[in-house]
Amino acid sequence: MCDPYLDFVRNLSPIQVNTHTAVRSEQTHTHTHTHTHTVSTHPEQWAANGGALEKLLVLTVATQETDGFHRFMQSANYFKFNVKVLGMGEEWKGGDVGRSIGGGQKVRLLKEAMESLADQEDFVVLFVDSYDLIFAGGPEEILRKFQQTNHKLVFAAEGIIWPDSRLAEKYPSVRNGKRFLNSGGFIGYTRYIQKIVNQWDLHDNDDDQLFYTKVYVDPLQREKLNMTLDHKCEIFQNLNGAVGEYIRYLIYTLFTCEKETSIHIAIHSYCSIKRLLQLFSLSKQEFPQVTVGIYIEQPTPFLTEFLERFLSLDYPKDKLNVFVHNSEVYHEKHIQKFWEENKDVFRSFKVVGPEETLTQGEARNMGIDLCRKDLSCDYYFSIDADVMLTNRQTIKLLIEQNRKIIGPLVTRHGKLWSNFWGALSLDGYYARSEDYIDIVQGKRVGVWNIPFMAHIYLIKGHTLRNELKERNVFVLERLDPDMAMCRNARDLTVQRERESPSPESFHMLRPPQGLFMYVTNRHEFGRLISIANYNTSHYNNDLWQIFENPLDWREKYINPNYTRIFTDNILEQPCPDVFWFPVLSEKACDELVEEMENHGSWSGGRHEDKRINGGYETVPTDDIHMKQIDFDKEWLHFIREFISPVTLKVFSGYYTKGYAIMNFVVKYTPNRQAYLRPHHDSSTFTINIALNNKGLDFQGGGCRFHRYNCSIESPRKGWSFMHPGRLTHLHEGLPTTNGTRYIAVSFIDP
């Protein structure tokens with residue numbers, strides 16, 4: 001059975017850290033002089049911890065209460081640690097350690113704090129960074145691990161030497177484990193920690209890790225202080241997910257699990273979820289005001305469905321200010337229709353069209369600025385038109401996470417493509433983190449700290465007016481808008497102190513500690529659609545998306561009762577071996593008819609027909625072939641996906657090839673061609689799909705099977721007949737007496 005803390009790790013405390021455990025503060029500080037504060041633990045728990053709390057004090061440095069600090073304190077409180085925070089509210093003078101060396105201020109603060117502990121020789125002090133570290137075990141476990149080292153002072157270890165690689169040769173060799181010192185965590189008896197920090201006589205902006213390293217690589221000092229490194233990461237665990245400008249991985253002080261050890265359990269164990277902190281919920285009276293930015297930056301399939309899904313979100317419309325940027329002339333008709341129907345539904349509705357010639361970055365800056373300037377705007381919700389939201393509670397669920405920046409996980413159907421990156425490469429682009437696939441596939445569920453997100457996210461209005469107050473959030477160098485926004489969020493640090501050293505040999509692998517960005521997969525939210533090969537040269541272009549976006553195609557164009565053919569047997573047999581079933585949606589029928597009428601080249605029902613082999617049709621119809629509108633490949637795929645399964649059900653033992661040469665839409669009108677004389681089809685079986693409504697669009701029509709003296713005179717829109725084509729099923733098309741009747745026909749397995 002796993003430690004229950006794993007739930008805390010997976011669901012409430014995802015970690016953003018750098019390559020070193022050393023803290024790199026966010027560098028935005030106030031100028032007060034409150035240097036320490038103590039977080040009290042619960043005395044009634046001390047006995048349960050074997051008195052460990054009386055012997056162990058946690059010291060950390062934090063000059064500001066950042067996201068990382070709050071996460072650190074959550075973990076400390078969970079395990080009832082006694083924590084003293086040094087430097088809270090003090091001006092940070094340790095340099096911009098996200099970009100260069102620095103951090104000496106931590107050593108100075110620790111040195112001052114140790115003076116008050118000089119007489120506590122048997123006291124153990126654990127010094128750790130707070131912005132990028134969490135606890136995963138209690139005081140008793142940490143003390144036990146420390147005592148097993150048989151040393152008086154133990155520093156964390158890592159596999160990368162920093163900041164001066166020239167010191168590598170002075171490090172003792174290790175057979176197993178990590179070789180180099182990391183200053184982000186160490187534990188020792190007070191007397192020995194005081195001995196090492198008392199040697200500090202440098203400046204606040206000098207480097208803390210370099211100071212401790214020089215002590216450690218001195219053999220005499222190392223022996224005098226009885227000092228070692230946690231080579232096998234028994235106490236301080238660094239787990240690299242990737243190395244780059246922004247690194248995403250987990251650091252645990254200690255994690256134990258029955259029959260398992262080390263950090264790998266934290267990555268791969270899937271203990272049952274039990275939240276430790278309660279999320280606040282929204283009542284109807286207290287919905288925050290949200291500015292929604294909708295971005296249509298290129299031709300996008302299923303845009304009408306996207307807008308319908310947005311409109312159906314379960315959130316008070318009078319709390320939504322809607323901003324739409326559409327850069328595509330092709331989509332102006334869709335946006336115009338949506339605006340006309342819903343302009344009075346929302347609190348406000350603003351549309352910026354392609355005539356403004358805004359870049360994507362400029363448009364997104366405009367949208368986010370609407371919330372930034374509006375003090376009543378509590379949240380900014382950005383969504384691109386390629387996001388199909390299926391969860392009507394999405395905005396509520398994101399708000400309830402109470403994060404500064406958070407997005408819902410959305411993925412491409414059946415693929416690993418998603419709206420976030422788990423790590424960044426050295427050049428700032430995509431790198432796969434060790435848990436990316438598990439998160440995307442839902443094998444690990446929680447709220448995850450990430451370096452990059454796109455397509456859809458929620459940002460607090462307060463964050464826009466403070467941390468992200470710069471108006472040019474989405475424009476940065478040559479980066480695309482999403483990368484620019486995430487880079488700006490990650491890099492929220494002040495410039496390096498003027499006097500802070502920055503020699504070339506001290507290249508920083510540690511990223512700056514900016515705003516934390518999160519993605520949640522606690523719920524199913526929706527999916528991303530593919531827009532890469534969207535051809536807008538047709539009248540109804542979504543019909544051609546059966547390959548690129550099969551799930552969205554099916555939802556739009558397949559009859560909602562289709563699956564009931566197999567689950568509820570809603571399949572009729574009005575005549576012997578003539579089966580009748582729902583297959584196309586009304587929308588599919590309408591768009592297919594529109595497409596044919598837009599093409600307009602009806603054959604006229606003549607015998608001479610150059611479209612077929614031999615150039616002569618014995619029983620001609622007034623039709624347009626699927627090939628004529630370049631839809632043959634898509635139609636054959638439709639047959640294989642949705643007709644073939646029905647064939648197997650009704651003609652047991654027959655396995656269709658799903659192939660047809662003749663695929664066409666027939667048009668019956670009293671003035672051109674009202675009926676079709678008796679005939680056989682050149683097929684093993686034929687499908688005949690009604691594309692419009694009898695009684696509404698036309699009168700008369702139907703089909704009569706002569707051998708059985710059986711007629712079907714009331715075809716249903718979207719329903720298909722399926723019957724044998726040759727030998728047994730001589731049939732005729734009954735006269736259409738008024739209006740226009742359309743049917744889609746395929747001669748399958750000729």
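Which two cysteines form a disulfide with their sulfur atoms 2.1 Å apart? Cys 371 and Cys 377 do; more on them below.

1. Ground rules. You're looking at a predicted model, where local features need pLDDT of at least 70, side-chain atom pairs count only at pLDDT 80 or more, and totals for chains, interfaces and linings use all residues. Residues are numbered from 1 along each chain as its sequence is written, and side-chain values use heavy atoms, with hydrogens and water left out.

2. The disulfide count. A search of the whole structure turns up two disulfides, a disulfide being a pair of cysteine sulfur atoms within 2.5 Å. Counting bonded cysteines along the chain, the pattern is 1-2, 3-4.

3. Cys 371 and Cys 377. The torsion about the S-S bond of this pair is about -95°, so the disulfide is left-handed. Cys 371 is buried, at a relative accessible area of 0%, and Cys 377 is buried with 0% too. (Buried means under 20% relative accessible area, exposed over 50% and partly exposed in between, using a 1.4 Å probe and protein chains only.)

4. Cys 575 and Cys 710. The sulfur atoms of this disulfide sit 1.8 Å apart. Its S-S torsion is about -80°, so this disulfide is left-handed. The bond links distant parts of the chain: Cys 575 belongs to strand 27 (residues 572-575) and Cys 710 to strand 35 (residues 710-712), 135 residues apart. Both Cys 575 and Cys 710 are buried. For the elements named here, helices (H or I, at least four residues) and strands (E, at least two) are DSSP runs, numbered from the N terminus.

5. Two other cysteines. Cys 589 is buried, with a relative accessible area of 0%. Cys 703 is in no disulfide, and the nearest cysteine sulfur, that of Cys 575, is 8.0 Å away. At 5% relative accessibility, Cys 703 counts as buried.

6. Eight strands make up an open sheet with mixed pairing, in the order 14-13-12-15-24-17-25-22; two strands pair if DSSP finds at least two bridges between them. Strand 14 (348-352) and strand 22 (447-450) are at the edges with a single partner strand each, so one side of each has no neighbour in the sheet. On average, neighbouring strands of this sheet are turned by 20° against each other, direction ignored. (Axes are lines fitted to C-alpha atoms, for helices over the stretch in contact, and angles run from 0 to 180 degrees between N-to-C directions.)

7. One pairing to look at. Strand 15 (residues 379-384) and strand 24 (residues 456-460) run antiparallel and are joined by five bridges. Tyr 380, for instance, has Ile 459 in strand 24 as its bridge partner.

8. The largest cavity. The structure holds two cavities of 30 Å³ or more. A cavity is a set of points, on a 1 Å grid over the protein atoms alone, where a 1.4 Å probe fits but cannot get out; lining residues have an atom within 4 Å of a point. The largest has about 70 Å³ of space, and its lining includes Trp 553, Leu 592 and Phe 638. Helix 17 (550-557), helix 19 (586-599) and helix 20 (632-650) each give two or more residues to that lining. The lining residues divide into nine nonpolar, no polar and no charged.

9. The second largest cavity. This one has a volume of about 30 Å³. Among its lining residues are Phe 306, Arg 309 and Met 388. Helix 10 (303-311) and strand 16 (387-389) are the elements giving two or more residues. (Ala, Val, Leu, Ile, Met, Phe, Trp, Tyr, Cys and Pro count as nonpolar, Asp, Glu, Lys and Arg as charged, and the others, Gly among them, as polar.)

Conventions. On a 1 Å grid over the protein atoms alone, a cavity is a set of points where a 1.4 Å probe fits but cannot get out, and a pocket is an open set with protein on both sides within 12 Å along at least five of seven lines; lining residues have an atom within 4 Å of a point. Grid points are joined across faces, edges and corners, and a volume is the space filled by probe spheres set on the points.
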